[in-house]
Amino acid sequence: MEQLSQDTLDAAGKVIAVHINYPSRAAQRGRTPEQPSYFLKPSSSLSFSGGTVERPEGCELLAFEGEVALVIGTRARRVSPGDAWNHVGAVTASNDLGVYDLRYADKGSNLRSKGGDGFTPVGPALLSARDVDPAGLRIRTWLNGTLVQEDTTGTLLFPFARLVADLSQLLTLEPGDIILTGTPAGASVAQPGDVMEVEVDAPESALSTGRLATRVVQGTVPLAGFGARPRSDDTQRAEAYGTPAPATAAQPALSPELRAKLESVGTATLSSQLRKRGLNNVSIDGLHSTRPDRKVVGVARTLRYVPNREDLFKSHGGGFNAQKRAIDSLRDGEILVMEARGEKGTGTVGDILALRAEVNGAVAIITDGGVRDVTAVGALEMPTYFANAHPAVLGRRHIPWDIDLTISCGGATVQPGDIIVGDADGILVIPPALAEEVASDSLVQEAEEAYIAGMVAAGHSVDGLYPMNAQWQEKYREWSAARERDGR
């Protein structure tokens with residue numbers, strides 16, 4: 001093992017990157033290639049470990065991808081897969097960075113989106129190819145200390161030797177050339193101030209490249225107007241984040257102020273306000289909560305299961321399937337709502353995935369199907385709403401099919417981005433466009449009902465008081481004005 005040096009970077013005549021090579025990433029992208037495909041990155045994009053990378057001014061989507069990098073040791077031209085590994089000199093960690101805001105600009109070549117200065121950090125140490133098993137390496141990526149990517153090279157769609165042999169059929173691979181071998185699921189977007197770390201190790205031999213650390217800084221020089229300008233949309237955001245994009249200015253999040261309002265009122269009050277607006281079918285019914293004492297308020301993410309069919313389960317049930325993608329991509333303030341068709345004969349989530357949701361910051365999980373490991377799930381701080389406990393794995397009755405689309409759960413229609421509120425009385429789905437006025441009117445209603453309860457406790461009849469007639473409404477206004485004058 002040796003430390004990567006400037007000589008290594010200087011020797012890299014070309015940097016070749018593989019598009020998709022891990023099954024988990026293929027599942028995330030929704031396509032599995034039959035053959036490997038590649039793109040070039042300029043050698044000027046290479047940088048040492050421990051540095052910084054600039055997010056260009058005007059760009060929002062600087063995406064990271066932890067990868068194993070191969071460093072060619074001896075010239076390779078038309079080599080066979082059986083001989084190809086002998087031409088690899090070393091492996092190291094790399095981070096295939098790119099700005100998705102410029103993906104549109106070069107018709108698939110990725111030249112500007114992936115080729116910027118510093119967009120290919122490598123290092124810090126080189127592991128001799130003779131000392132490692134190419135199918136026994138592990139790749140891990142951390143964002144601000146949180147593990148976000150982990151996979152092994154034993155799962156590759158196209159083993160390293162095949163990549164080298166394939167490329168050598170038309171290209172002469174020269175000593176020092178670098179091949180980026182693909183990224184697993186979990187690649188996402190980094191913001192200015194974030195620190196990304198990538199490590200490649202061989203667990204059986206305890207060899208490691210060490211962590212390749214790169215900090216994001218904000219660029220201050222706008223791109224010139226005579227070239228392509230940064231441009232992003234929801235499609236690019238979804239691609240960059242690896243999941244449906246987080247809230248933007250055009251897709252507002254649940255603000256702290258709105259969340260506080262919704263947390264302070266009951267679902268019974270919210271339900272009556274929704275009913276006043278003609279919304280009668282917005283409750284998710286028939287579920288139990290592992291934490292009935294908890295109030296939950298969050299933004300919906302959705303997952304849909306379909307009935308099991310054995311041939312389809314083989315393609316959609318294993319690996320980094322829709323269930324795992326949905327759980328793994330949950331973030332602070334989100335609630336995963338599952339459509340399980342009310343099927344109680346199998347589990348839709350268990351203790352490990354529920355724990356992953358909690359660690360990611362999810363507010364709750366809601367499923368109209370079964371839950372496995374219910375004692376362990378119930379011990380989590382995060383509430384889970386479910387129809388019943390069941391020990392069976394999901395393959396018995398379900399196939400996890402797709403995420404972030406309109407679904408049905410417990411008799412209610414739920415769309416990604418809907419606001420979910422749950423308490424001991426039940427679970428409501430609130431359209432985001434109505435949430436602010438419904439919350440505000442609910443506060444008014446609960447203040448009125450608190451006054452009414454006080455009057456009932458004082459011995460007054462409910463006749464004319466609940467609901468308040470004109471006489472009681474006038475008394476209430478006088479009472480409220482007096483409290484306001486007194487600063488209460």
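How many nonpolar, polar and charged residues are in the lining of the second largest pocket? Keep that question in mind while we take a short walk through the chain.

What you see is a predicted model, in which local features need pLDDT of at least 70, side-chain atom pairs count only at pLDDT 80 or more, and totals for chains, interfaces and linings use all residues. Residues are numbered from 1 along each chain as its sequence is written, and side-chain values use heavy atoms, with hydrogens and water left out.

Let's begin with the whole chain. Its C-alpha trace spans about 95 × 55 × 40 Å along the principal axes. You can find 14 helices and 30 strands in it; these are DSSP runs numbered from the N terminus, with helices being H or I of at least four residues and strands being E of at least two. Of the 488 residues, 50% are buried, where buried means under 20% relative accessible area with a 1.4 Å probe, protein chains only.

Now for the pocket. The second largest pocket holds about 560 Å³ of space. On a 1 Å grid over the protein atoms alone, a pocket is an open set of points where a 1.4 Å probe fits, with protein on both sides within 12 Å along at least five of seven lines, and lining residues have an atom within 4 Å of a point. The volume is the space filled by probe spheres set on the points, which are joined across faces, edges and corners. There are 30 lining residues, and G186, S188, Y241, S329 and R331 are the closest to the centre. Helix α6 gives the largest share, four residues. And here is the reply to our opening question: the lining has eleven nonpolar, eleven polar and eight charged residues. In this count Ala, Val, Leu, Ile, Met, Phe, Trp, Tyr, Cys and Pro are nonpolar, Asp, Glu, Lys and Arg are charged, and the others, Gly among them, are polar.

S329 is buried, at 6% relative accessibility. Its side chain makes a polar contact of 2.9 Å with the side chain of R301, and also reaches the backbone oxygen of A326 at 3.2 Å. A polar contact is a pair of N or O atoms within 3.5 Å; within protein, one must be able to donate a hydrogen and the other to accept it, and residues adjacent in sequence count only if both atoms are side-chain atoms.

Next come the aromatic rings. The chain has five aromatic pairs, meaning rings of Phe, Tyr and Trp (its six-membered ring) with centres within 6.5 Å; planes under 30 degrees apart count as stacked, over 60 as edge-to-face and the rest as tilted. W85 and F160 are stacked, because their planes lie at 15°, with the ring centres 6.2 Å apart. This pair links distant parts of the chain, 75 residues apart. W85 is buried at 13% relative accessible area, and F160 is buried at 2%.

Y451 and Y476 are tilted, because their planes lie at 55°, with centres 5.2 Å apart. Y451 belongs to helix α13 and Y476 to helix α14. Together with W472 and W479, these two tyrosines form one aromatic cluster. K475 lies over the face of W472, at 4.4 Å from the ring centre.

How values were computed:
Lys NZ or Arg CZ within 6 Å of the ring centre and 35° of its normal.
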